[in-house]
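Please find below a short note on the structure under review.

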Amino acid sequence: MAGFLLRRLLNYLVLIVVATSLAYMLAAGALDPRSNYEGRNPPIPQAVIDARLTELNLNDRTPLFDRYLTWAGGVVHGDFGKTVAGGSVGEDLGRRAGVTLRLITIGLILGSVTGVFVGAYAAVKQYGVFDRLSTGASFVVLAVPTVVLANILIIAGVWFNGLVGAQVFLVSGEATPGLQGGFATQAADRLQHLILPTLSLSLGLIAVYSRYQRNMMLDVLGADFIRTAMAKGLRRRTALTRHALRTALIPAVTYFAFTFGSLLVGTTFTEKIFGWHGMGEQLVNSISTNDVNTVAAISCFAAFAVLAASLASDVLHAVLDPRVRVG
Amino acid sequence: MRECDERQAGTGARPGTNGRADLADPVLEVTDLDVTFGSGPDAVRAVRGVSYAVRPGEVLGIVGESGSGKSVTSLAVMGLLPPHAHVTGSVRLRGQEILGATEKTLTAFRGKTISMVFQDPLSALTPVYRVGDQIAEAVRIHQKVTGQQAARRAVELLDLVGIPNAAQRAKAFPHEFSGGMRQRAVIAMAIANDPDVILCDEPTTALDVTIQAQVLEVLKRAQRETGAAIVLITHDLGVVAGSVDRVLVMYAGRPVEVGSVDDVYYRVRMPYTMGLLASVPRLDRGGGQPLVPIEGNPPSPSALPPGCPFEPRCPIAVPACAEAEPALEPVGSPGHLAACVRAGEIEAEGWSPAQVYHAGTGGPDEQGPETPPVHLRPVRLPRDERDVVLEVKDLTKHHPLMKGALFRRRVGTVHAVDGISFDIRRMETLGLVGESGCGKTTTLMEILQLTRPQHGTIAVLGHDTARLTARERMAIRRDMQVVFQDPLASLDPRMTVYDIIAEPLRTHGIRDPGPRIRELIRLVGLDAAHAARYPQDFSGGQRQRIGIARALALEPRLLVLDEPVSALDVSIQAGVINLLEDLKNRLGLSYLFVAHDLAVVRHIADRVAVMYLGKIAEIGQVGQVYDAPMHPYTQALLSAIPLPDPGKERSRRRILLEGDLPSPASPPSGCRFRTRCPKFKTLDETDQARCVDEEPQVRRLGEDHGVSCHFAEKLDVV
């Protein structure tokens, strides 16, 4: 098993290097940081612009490959270069990664766990009222883009606030700036900020997971070993949770790890709409400001996150399913 | 199972069993059980009025073809049918009604008083839990013991059902067990709480014959330990003959004949049972006589005929049969019941199955009961003078065993086929038999590929496949066609029968295939008017006929058949076997017939090759190999097959093989069979050393009879 993981890890390292390098080349080739300085009033002298761009390793007059080597040399030492504004990319992204993590952790757990249970229950009661309702609701949620869903949530939240006459749901940012008070006040404030974005994240996940889990569960429900378990004298409920759900959970758990990785940079809309300054938001900003180094760094982070998640899902799969443990 | 009864009764005679069984109260009593799926006009009446009772220590066999409702009956008894099944009647377990009981009552009984062994051992165990834990779970549900005690009990049980090294194997996961071992584990689970009744639903159907013999032996041992009554559900009349006390024959959801095993086999009173017995190919009887298929197909359970459900297929049906369904009434000896209006007549006249099935609809008397079947066998030249159609010499196929994802490397070799030689002459059938994993399908695929084999030569109609050009290969494909095992999977569901049969013709550039297609459809005994239908509109036997028609389209000279009848019920199978026989004689075909059923092969083949782990163990004329097998493996294989004849079964000696087939990735040195060979154990050390060191080659012993054993010796085992 350890050997298998080590080989996988090596594989993934190669993939990260390739993916990140390609992303850098693409960003450096397509984005034009020079335009940030040109056409200003008063015009900035060409020499100054060149000097500034060279300092940031963004000068398009330096051959692409040379810029790449400079950049890659820095990355090897853990330095992702400078943003167009001159700050450190690494520090900036470190802070933002924290924000994203705080945003998605609860949403992801809530979404996947609820989704699994909804799906499993729907499968057990196939073609029942609950099954039909959850199927319908899932398709509605899946059909609504996140942008629309998030805005609906904001409108509903504001309407609710107006209804009860108090600020129950806060719709912008991670915390109220300059809020005074002890730990309890701070925590309550953060929670109020967290509810709506978490909901907007987890609703989609619940929809996806419940469909997925329902199918997995239906496959397992007809299996002979459930009949064997009941023939042993287990109650139906016990047989279903201990034998059916346990077996049907394997694909969902591996899928969970994968979602986690992709969500780290994939919550662009939610972050943008709810004003959380996370990774996803920064990716969009950096493209519009021609920030090559940040784009490359986020791509690197994304590649890392996806592959780490995929490694985690491999490990989880092996832990949960004895059939795949080999070598 | 009978064996143990005899032992308990203290004598070899059977009255002891009966006497004791009659005294005791039935432990399981099923009365008027009805199971209906769905409602309204589309309702499927799967089980209709099944009644039976089993007493402690008794073994009841329930026999029927697929769709006869035998499995549904047992699931209904266990209360394991899905909620949309509507069950009525009564199921009394030790006097207590359990049909419709609360889940609490049912769970208290299930696994404790009544337990079940299912058909497919591969899927009967939860894949993510250790085998020992699953057995321990069964113990802990009904007994107040600690986890450790339950685990110890699980090991004991595994040991009891004959799993070697039980303490260690208990920690294995189901996928690490072979099919036979998994079925043992399921049996261990079933007897964990000393049940009073064990329902076995086709417990050996998915297993190879030698493993089947082992598992039946384990069931006998399990019954000896628990003294339980057993209900053995199967389609195999041989298994029933050798293992049960009483038989219940089901047809279209209903019992049609019930009685002691001797009554049902020797004094049959119901034409359906007669048909079943007459359509089974017999290991103890050679070919020459065609089998007796039952015409037509079983009725659909949602559209039963108004009268006797067997009436449309019955050779001795009279108008009264179509009016009302006959009741199950006593005939002849006590306890023998049959549902047939002519049962009395059959009894009085003493008609045998052969008489009934060779007669016209008016009854056996019409043509005279002694009319011998007319079977035309064309005159054939002696074997040496006929052309060689297929010649395989020293054929070898090794699969590399690879490991690693990024850096793949070879870690071993699977010796799928390891140097086999045989030939097939014109108008001859060679049966290639062996258990799963012996390499028979690989052999077949190598031949069909028509390319250079890894080692050795294959010559089809005199052409060496290693030297064929693409054009020649295409031409030879016309002469060699294949029929596959699964008739549904091998026919494209989106093509009509016409298109399916037209495809080979069009591929080989034949224009206007219409007349030829109609001719072919008629040739295989189907109605040419059905050419526009799709495969799903046909029954299993008819689909296989379509597959045969497709194979015959190009007028091949050699037909390769991969288990062509193993997916079919016996009554249907007989028809397809007869068709194949008939086609061979009419069209001068040669067959390479791959099968695991030795009885079918005995019936259809002229010569037989027995394979074991990629090698030929024994090859020769069917009569010689079956009547006087010389290789210990052939002997064990033949002795493991139960005969549909209770008298013979009782007097037969069974050679039980130990363990499972070794992995073809690391076959034993010398003789590959030595690890399981009963003969090997009786040899002295120098002889044993020869088996270990020297690989036996096929030696010719007698006329057309070759054996690869150093110490071959004739033995009558059938």
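This is a predicted model: local features need pLDDT of at least 70, side-chain atom pairs count only at pLDDT 80 or more; totals for chains, interfaces and linings use all residues.

1. Chain B holds an open sheet of eight strands with mixed pairing, in the order β6-β7-β8-β3-β9-β10-β12-β11. The edges are formed by β6 (114–117) and β11 (329–330) of chain B; each has a single partner strand, so one side of each is left without a neighbour in the sheet.

2. A parallel pair within the sheet. Strand β3 (residues 59–63) of chain B pairs with strand β8 (residues 229–234) of chain B in the parallel sense, over five bridges. Within this pair, B:L60 has B:V231 of β8(B) as its bridge partner.

3. The contact between the chains. Chain A contributes 23 residues to the contact and chain B contributes 28 residues. On the side of chain A that touches chain B, the elements giving two or more residues are α1 (2–30), α8 (224–231) and α9 (236–266) of chain A. The most comes from α8(A), with seven residues. By class, this side of chain A comprises eight nonpolar, six polar and nine charged residues.

4. A helix pair in chain A. The axes of helix α4 (residues 89–124) and helix α11 (residues 279–288) of chain A come within 8 Å and cross at roughly 135°. The two helices, α4(A) and α11(A), are therefore oblique to each other.

5. Residues of the helix contact. From α4(A), A:L93, A:R96, A:A97 and A:T100 meet A:M279, A:G280 and A:Q282 in α11(A). The residues of this contact divide into three nonpolar, three polar and one charged.

How values were computed:
Residues are numbered from 1 along each chain as its sequence is written. Chains are lettered from A and ligands numbered from 1 in the order in which they are written. Two strands pair if DSSP finds at least two bridges between them. Helices (H or I, at least four residues) and strands (E, at least two) are DSSP runs, numbered from the N terminus. Two residues are in contact if their C-beta atoms, placed from the backbone, lie within 7 Å. Ala, Val, Leu, Ile, Met, Phe, Trp, Tyr, Cys and Pro count as nonpolar, Asp, Glu, Lys and Arg as charged, and the others, Gly among them, as polar. Axes are lines fitted to C-alpha atoms, for helices over the stretch in contact, and angles run from 0 to 180 degrees between N-to-C directions. Angles under 35 degrees count as roughly parallel, over 145 as roughly antiparallel, 65 to 115 as roughly perpendicular and the rest as oblique.
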